[in-house]
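Hi,

Here is the structure I promised to pass on. Please open it next to this message and read along.

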Amino acid sequence: MSLLIAKQISKTYTASSWFQSKKKEHSAITNVSFVVESGMCLGILGESGAGKSTLGKIALGLLPPDQGSISFQGEDLYRVNRHKRKQLRRDLQVVFQDCYSAVNPRMTVKQIIEEPLRNFRRLSVSDENRTVANLLETVGLTINDMNKLPNQLSGGQLQRVNIARAIALEPKLIVLDEPVSSLDLIIQKQILDHLKELKEKIGLSYLFISHDIAAVEVISDRIAILDKGEIVETLDTSNMYACTHPASQKIIRSSL
Ligand SMILES: Nc1ncnc2c1ncn2[C@@H]1O[C@H](COP(=O)(O)OP(=O)(O)O)[C@@H](O)[C@H]1O
Ligand SMILES: [Mg+2]
């Protein structure tokens with residue numbers, strides 16, 4: 001089943017500056033279509049500036065495209081009413097690259113993970129504590145970490161907290177925008193393995209955005225190559241070295 005369907009998305013940024021009377025337009029995404037199948041991971045691979053984060057924000061319902069549509073679980077993300085949108089957002093979560101700016105530095109690990117639970121579910125205090133403890137265990141942390149503040153954690157640990165928060169409401173899809181790019185290689189591998197395990201265990205689907213072919217390869221079932229705002233090729237990961245477009249060859253073969 002197709003969970004997320006992007007159809008012919010385009011997005012242009014308009015920059016105005018005080019010394020230019022004419023507004024400058026920059027086309028970030030051009031006519032992009034893709035599908036994330038239920039239980040699968042689609043990797044979006046592209047160099048810096050290719051338009052990956054723009055596409056991620058559009059897919060999350062945070063940035064309306066100029067053209068095209070995004071449907072999630074059969075509903076158009078930009079056409080539904082606010083109530084329905086809130087419901088859909090529960091099933092559609094995000095993890096960004098910069099784990100420190102994604103959290104309130106004054107909140108404890110427990111408070112960070114509890115926040116979505118409090119917004120969407122009414123749990124007793126004991127159920128809430130148990131749920132947070134389970135989530136920490138799921139992402140490889142322990143209850144000893146519950147009362148720590150973000151600055152008492154390493155980047156890898158804090159990114160695990162962000163993942164715990166993202167999975168707290170048992171979403172269907174997580175958009176991961178360069179989730180391991182700022183971490184060292186060993187921690188990257190651990191977190192990717194963990195995400196992969198979660199995908200299998202709880203049937204999650206991912207849109208995994210990265211410039212790093214090694215990371216994309218580990219976790220994705222299919223890979224779409226984004227070059228200068230356009231998807232130039234989409235391949236099964238197992239078949240990725242058979243890519244034919246020069247931009248795909250450049251980025252995929254750079255790993256060889
Ligand atoms: N808010 C914005 N206003 C104007 N231009 C932007 C904005 N965000 C991104 N861009 C431009 O759009 C292009 C794509 O950016 P982005 O989606 O962040 O790419 P990536 O995540 O692949 O590095 C870049 O040229 C970038 O400078
Ligand atoms: Mg980006």
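Below are the conventions, then the ligand site, then the sheet.

This is a predicted model, in which local features need pLDDT of at least 70 and side-chain atom pairs count only at pLDDT 80 or more, while totals for chains, interfaces and linings use all residues. Residues are numbered from 1 along each chain as its sequence is written, chains are lettered from A and ligands numbered from 1 in the order in which they are written, and side-chain values use heavy atoms, with hydrogens and water left out.

The shell around ligand 1 (residues with a heavy atom within 4 Å of it) includes Tyr-13, His-26, Ala-50 and Lys-52. By class, the shell has three nonpolar, six polar and two charged residues (Ala, Val, Leu, Ile, Met, Phe, Trp, Tyr, Cys and Pro are nonpolar, Asp, Glu, Lys and Arg charged, the others, Gly among them, polar). Helix 1 gives the largest share, three residues (helices are DSSP runs of H or I, at least four residues; strands are runs of E, at least two; both are numbered from the N terminus).

An oxygen atom of ligand 1 is 3.1 Å from a side-chain N or O atom of His-26, and a backbone N or O atom of Ala-50 lies 3.2 Å from a ligand oxygen.

As for the sheet, four strands form an open one in the order 2-1-4-5, with antiparallel pairing (a pair needs at least two DSSP bridges). Strands 2 and 5 stand at the edges with a single partner strand each, so one side of each has no neighbour in the sheet. Phe-72 stands opposite Glu-75 in strand 5.

Best wishes

Methods:
Polar contact = N/O pair within 3.5 Å; in protein donor to acceptor, adjacent residues only side chain to side chain.
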